[in-house]
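Here is a short note to read beside the model. Please keep the sequence and the 3D view open as you go through the points.

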Amino acid sequence: MAADAREMIADHTARKQPLTTWGIQFEELEYRYSDDDEEVGVWSADAFYGTDDLKFRWMSKGEYAIDEQAYEGLENQLVAQTPISAFFDAKAGMRFDTPEGPDRTYGVVGVTGLAPQWFEIDASLYVSDEGDASAELDAEYELLITNHWIIAATMDASVAFSEDRQIGVGKGLVSTETGVRLSYDLIDRAFSPYLGVVHERKYGDSADLAEAEGASAEDWFAVIGARIAF
């Protein structure tokens, strides 16, 4: 009878259902000027829809060479994401690339979340439609100087377990990108302009392939941009 009573008074109204949320943000929307006088437009965007138990994310990253008026890279991912611990989610889906060379499609599995010491981590494993496997690790740490001034340090690294010479990828450590940006929150984390510096480097066979195509294996960039959230 007690169990029946609890069932009768259980709250099944909408306020007890998982809350559905959505949002769009540009972690990076910036102009870069290199030490070789190269001008590049760069973005890293993320849109999501769902609940705390299951959300769907569309992520887009790209680099556009302003002088050449051409994309140096364009990447889109569509993944489903669900919690596996208090601080980490698992994700799985598809990635679609338009690199310099033939297009590529990848299967994606990975984890994303908050590591000890407040590092934001996003780790992914990819397998392409050509059968090539690779991995990527993105890490970010934010240091609040005041409630409005923030320093963000980022590091992205990619590793290939097999080479894909058609798109300039050699086996081993492919590339790293490290950056430091100083931002100011104008509108409660919804609009934060920033200045910074970014270092890009390719390694091993990937560096040799880039130099064979007349590209640089290492660049420094001055950066100006903004973080935007809706």
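How many bridges join strand 3 to strand 4? The count is 11 bridges, and the two strands run antiparallel.

1. Basis. This is a predicted model, in which local features need pLDDT of at least 70 and side-chain atom pairs count only at pLDDT 80 or more, while totals for chains, interfaces and linings use all residues. Residues are numbered from 1 along each chain as its sequence is written, and side-chain values use heavy atoms, with hydrogens and water left out.

2. Inventory. The protein has two helices and 12 strands. Both kinds of element are DSSP runs numbered from the N terminus: helices are H or I with at least four residues, strands are E with at least two. The order along the sequence is α-β-β-β-β-β-β-β-β-β-β-β-α-β.

3. The 12 strands close into a barrel, in the order 1-2-3-4-5-6-7-8-9-10-11-12, with antiparallel pairing. From one strand to the next, the twist averages 20°. Here axes are lines fitted to C-alpha atoms, and angles run from 0 to 180 degrees between N-to-C directions. Two strands count as paired if DSSP finds at least two bridges between them.

4. Strands 3 and 4. Strand 3 covers residues 55-65 and strand 4 covers residues 70-83. Phenylalanine 56 has alanine 80 in strand 4 as its bridge partner. The two strands form a hairpin with four residues between them. Look at glutamine 69 in that turn: its phi is positive, at about 50°.

5. On to strand 5. Strand 4 also pairs with strand 5 (residues 88-97), antiparallel, over nine bridges. Glutamine 77 stands opposite arginine 95 in strand 5.

6. Strands 8 and 9. Strand 8 (residues 133-144) pairs with strand 9 (residues 149-160) in the antiparallel sense, over 11 bridges. Leucine 143 has its bridge partner, isoleucine 151, in strand 9.

7. Extent and burial. The C-alpha trace spans about 80 × 45 × 30 Å along its principal axes. Of the 230 residues, 37% count as buried, meaning under 20% relative accessible area with a 1.4 Å probe and protein chains only.

8. Contacts. Take contacts (heavy atoms within 4.5 Å) between residues at least 6 apart in sequence: 43% of them join residues at least 24 apart.

9. Surface. The accessible surface is about 13600 Å², and 61% of that belongs to carbon and sulfur atoms. The areas come from the Shrake-Rupley method with a 1.4 Å probe.

Methods: Buried < 20%, exposed > 50% of the residue type's maximum accessible area, 1.4 Å probe, protein only.
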